[in-house]
Amino acid sequence: MAAFLLFVFVFTTHLISGFSTQLPPPNYGNTITILSIDGGGIRGIVPAVILQHLENALQVYDQDATLANYFDVIAGTSTGGLMTSLLTTPEPDTNQPLYTASKIIQFYKELGPHIFNETSGWNPTYPGPKYDGKFLHNIAREILKDARLEDTLTNVVIPTFDLKTLHPVIFSKFKVNKVPSLNAKLSDISIGTSAAPTYLPPYYFKNGDTEFNLVDGGVAATNPAMAAVSEVIQELKKKSRRFRRNTKIVLLSIGCGVKKAEGYDANVADQWSQGFWVQSGLSGAIYDYAAKDMTEYNLATVFPGLQSSNNYLRIQDYNLDPSMDALDNATQINMDNLERVGQKLLNEPVLRMNVTTFVPEKDKNEISNAEALERLAEILHKEKQVRLKNKLMEKRGRPFIQNDAIPLGRSWSS
């Protein structure tokens, strides 16, 4: 009898602490948790290093912790979309994801040189993209196999852009029941969101009777944070039983690093020809900078007072060495340098984007990104404990405490 009681105690303790369990829906807790990962090609090594630190911080509380079991939504564009699929696709016969954050770093460093293996004889006038994409297509299918969007361990949001319809296609697990065509294979979704124009070929596939002609999700949303938040808000408006309207949102958004923007005087730019704009790539770069700033601006409507918000953390290197800015520089030296960028970024202070000047500023609490991630891990762990406890109480037929009354402890910036 004593042995049985001990077994029950240990089992219940493991259940409450989050041992090998998926995250119950937000209606059992206080907070909707979102992770967003930018696009950036081989620079995806940078957010992978950041995520490894967060995963390690979670494992202080739960040795089997994985990101998919602590975030309600994981969103990614391009390289971030591929990362999202790897982090959320379950291994056969288990509830564990195929990849941890540390394995993703190795994925890039081992396979990146094969993905970005330049087509023989290619030059800028060559018909077709710089890379044929065959290795990426094959490895995505080999790793992700037949897993579909509905199979992911948590809700997933992956933006792409359809060249034929000229509209974004947002592959959202929230919508697969109402829009079955979105329930595509994760390998197809990952290939499509990664098909950066001029680098990799546009990707055609059919899911049922629906055709997709996809290019890189960065065309629509290099930073997918707002897309993820929008999906959550749509669920809240639908009054889904899994979501409560008064639940707060916590968002972690991670960039792949960008080189410092260099502007030009209008009286210089007014002499530029159309050909110069196109050949220099300035027009695309300007739109990219503008899109990222507008994402921050729009997020400020969701998280008022962005400078002092405890609900939103953006980690980005805004002054990346120009030698590391290329999406496709998969040399060993550059990949090692990108890994060091991520490690250095952990020790740098948290920055908040000033959405009036669009200049990142130091957070008033002057904590490092690593400290902010460790405090976020504490928040995520406590939120999961609350949900598991409330779900267990419900199963026993007891009403659980009003979620709003259960504190999560200190915020990551306090």
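Buried means under 20% relative accessible area, exposed means over 50%, and partly exposed lies in between, using a 1.4 Å probe and protein chains only. This is a predicted model, where local features need pLDDT of at least 70 and side-chain atom pairs count only at pLDDT 80 or more, while totals for chains, interfaces and linings use all residues. Residues are numbered from 1 along each chain as its sequence is written, and side-chain values use heavy atoms, with hydrogens and water left out.

**Stop 1: the whole chain**

Begin with a cartoon view. The protein chain comes to 13 helices and 10 strands; these are DSSP runs, numbered from the N terminus, with helices being H or I of at least four residues and strands being E of at least two. Of the chain's 414 residues, 52% count as buried. Contact here means heavy atoms within 4.5 Å. Among the contacts in the chain with a separation of 6 or more, 74% come from residues 24 or more positions apart.

**Stop 2: the largest core**

Which residues touch the most other members of the largest nonpolar core? Select Leu35, Leu51, Leu54, Phe171 and Leu252: they do, out of 75 residues in that core. Now colour helix H2 (residues 45-58), which gives the most to this core, with nine residues.

Zoom in on Phe171 next. Setting aside neighbours within four places in sequence, its contacts include Leu149, Val156, Val157, Ile158 and Thr160. Also on the list of contacts for Phe171 are Leu182, Ala184, Ile189, Phe205, Phe212 and Leu214. There is also a second, separate core of 16 residues, and Val73, Phe174, Ala225 and Leu236 are among them.

**Stop 3**

The axes are lines fitted to C-alpha atoms, for helices over the stretch in contact, and angles run from 0 to 180 degrees between N-to-C directions. Under 35 degrees counts as roughly parallel, over 145 as roughly antiparallel, 65 to 115 as roughly perpendicular and the rest as oblique.

H2 passes H13 in a right-handed crossing. A crossing is right-handed if the near helix is turned clockwise from the far one by less than a right angle, and left-handed if anticlockwise.

To see who meets whom, show side chains for Ile50, His53, Leu54, Ala57 and Leu58 in H2, and for Ala370, Leu373, Glu374, Leu376, Ala377 and Leu380 in H13. This contact divides into nine nonpolar residues, one polar and one charged. Ala, Val, Leu, Ile, Met, Phe, Trp, Tyr, Cys and Pro count as nonpolar, Asp, Glu, Lys and Arg as charged, and the others, Gly among them, as polar.

Stay on Leu373 in H13. Is Leu373 buried or exposed? Leu373 is buried, with a relative accessible area of 0%. Leaving out neighbours within four places in sequence, Leu373 contacts Ile50, His53, Leu54, Leu252, Leu313, Ile315 and Leu346.

**Stop 4: H4 against H5**

Select helix H4 (residues 101-115) and helix H5 (134-144). H4 and H5 pack at an angle of about 140°, with their axes 9 Å apart. That makes H4 oblique to H5. Phe107, Leu111, His114 and Ile115 of H4 make the contact with Phe135, Leu136, Ile139 and Ile143 of H5. By class, the contact has seven nonpolar residues, one polar and no charged ones.

**Stop 5: some loops**

Lys145 is exposed, at 52% relative accessible area. Thr154 sits in the loop between H5 and E3, but is buried, at 8%. Its contacts beyond four places in sequence are Ala68, Phe71, Asp72, Val73, Ile74, Thr88 and Lys173.

Finish with Leu166, in the loop between E3 and strand E4 (167-172). Leu166 has phi near 60°, again positive in a residue other than glycine, and is exposed, with a relative accessible area of 56%.

Methods
Core = buried A, V, L, I, M, F, W, Y, C linked by side-chain atoms within 4.5 Å.
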